Amino acid sequence: MSAATNRTRDTSGLGVARAVAFVSPALLLIGLFLVFPALWTIYIGLTNYTLTGPASVAPAFVGLENFLGALDDALFGNALWLTLVFVLGSAVLGQNLLGFGLAWVLRSAKPVVRRVVEALVLLAWILPSVVVAYLWTAVLDRDGGTLNALLGNESTAWLVEYPMASLIVFNTWRGTAFSMMLYSSALAAVPPSQLETARTVGASGWQTVRDIVFPHIRGHVLTNTLLISLWTANDFTPFLLTAGGPNHESETLPVFIYQQAITNGELGYSAAISFLLLIVNLVVALLYLLLLRRRS
Amino acid sequence: MTFHAMLRRTLYTVLIAALLAFFAIPMLWLASAPFDSDPGVGLRWPDWTLDNWRITFEHPYALGSLLNSIVLCAVATLVTTVLGTLASYALSRVRIPGRDALLYVLLLLSSVVTGTAAMVPIFVMMFQLGLINSQYATGLVIAGGMLPAAIFILKDFIDSVPRSYEESARVFGASPGQVLLHVVLPVARPGIATIMVWAFVQAWGNFLLPFLLLRDVSGQPAAVLLRTLKDEGGSANLTVIPVFSLLYAIPVVALYLFVSKRYGFRFHGGIKA
């Protein structure tokens, strides 16, 4: 509706020229710090550019060597696998299930209880990542960590012995708020009469969720899963908790890229890996927008 | 109450209690350790003292880094809000050729080009330009990353400002600049305030970009210094870290409380707001 009026009348009296002038500064900044880096990654990824040494002064064009090298790099394969485990464990399963569970359970809770739980879940989401990394170090540390104190055990260094499991639990805690809020508003759209009917015919909770609720929120589940997967795959917080260790056991892709680029100075190689991450992000984001458009 | 109903009730209470514990226990450290005379890694009832606070304030970089954070966030927030408002107003009111495609690309960019995926080229670019350790440049980089989402959210707000206001102002001879300043901005204020708070919180919490681009400890914002405190001298500085974590986290929590109280907590198309 507004599109039609827009085409015929320019109520603000801006005019196209002035409008372009208004948009340009923002586009310049976006072009400089978002579009250009994304495109430049492709070029850097085709060179042997390094942070130090001869190739830092005069990088040579090496074609697809970095990409072919990645295929043979066991550490890259490892990072890819760990990222997959991290995304499946903490986003697709962890945040999704806990987020839905919270939204479902809190529906029937007392308002006070509901507000307190929601506030805590949200707090976990909004606290800065460096702070939550310390909070979880305090929980998982071997000497005097809260978890060991609760279990009465003094010998498990969780972040060292079970780094991926620790990261998955951590990221579930960290990111569930988004899924919880999304499913809360999705559940509010399920017709109460259908839930009432399910109760009168004596359907169990699980049957109600599967047969009544799920068909209503299927679209939300799909888009939510895509979004939280994208965020989780790009999350740099694992670096703050384990820095990829011990011995690359928790080196997800973002940490791998950082280690290759800054610690090892392999800028060309890490740019090639970044490009692959960009492509995956692009595919997921396009799929997300496609689904969103089809739903509306 | 039947036995079955009682069992259900009990299970429900246990479940809620377990969820509460899972989310609350990690946070309690932030309430106890800053005030404990012998702060450990883990959680315990503190032996109350305020000495940690004195030691933190005397730390050579602690307060300075909070100041650095403020400078960095001020640059990023101001640039994002001003440029974002100008752009979204023009995009909302004028049908620039290719506008819809531009908006679509902006939406894609905001989620595709993440800090992680772009860290290598951004680092190389700033390195070659000699802008490593420049707070203003880092602020601009952060603003560039936030702008697409900001424009998107702001356009939503400005779209909902009735055009009839502008028409009447035009009839009375107001210039386009006056219309924007005196008609549109006051009406879109909740949206602009939301974006300011959102941008500030995002920039305040951003770790990766300042960590990459600000290598000199005296120029580091709180997010990076907090990390530096861990590696300083080989072991974590447990006197300063808890206090500093709390100091650093308070503005974020306060701003969220302010926004949710004033405008209601809402989130826009998957963007943390």
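**A covered helix and its neighbours**

Modeller: Begin with packing: the buried residues of H14 of chain A pack against helices H5 (74–107), H12, H13 (237–241) and H15 of chain A, and also against helix H5 (115–128) of chain B. Two residues are in contact if their C-beta atoms, placed from the backbone, lie within 7 Å. Helices are DSSP runs of H or I with at least four residues, strands are runs of E with at least two, and both are numbered from the N terminus. The model is predicted: local features need pLDDT of at least 70, side-chain atom pairs count only at pLDDT 80 or more, and totals for chains, interfaces and linings use all residues. Residues are numbered from 1 along each chain as its sequence is written, and chains are lettered from A and ligands numbered from 1 in the order in which they are written.

Biologist: How many residues of H14(A) are buried?

Modeller: A residue is buried if 20 or more other C-beta atoms lie within 10 Å of its own, exposed if 12 or fewer, and partly exposed in between. In H14(A), residues 253–263, eight of the 11 residues are buried, among them Phe256(A), Tyr258(A) and Gln260(A). After the helix comes Gly265(A), with a positive phi near 70°.

Biologist: At what angle do H12(A) and H15(A) cross?

Modeller: Axes are lines fitted to C-alpha atoms, for helices over the stretch in contact, and angles run from 0 to 180 degrees between N-to-C directions. H12(A), residues 205–233, and H15(A), residues 267–295, have axes that come within 10 Å and cross at roughly 160°.

Biologist: How many residues of chain B are in contact with chain A?

Modeller: 76 residues of chain B are in contact with 75 residues of chain A. On the chain B side, helix H1 (residues 3–32) gives the largest share, 12 residues. That side has 56 nonpolar, 12 polar and eight charged residues.

Note on methods:
Ala, Val, Leu, Ile, Met, Phe, Trp, Tyr, Cys and Pro count as nonpolar, Asp, Glu, Lys and Arg as charged, and the others, Gly among them, as polar.
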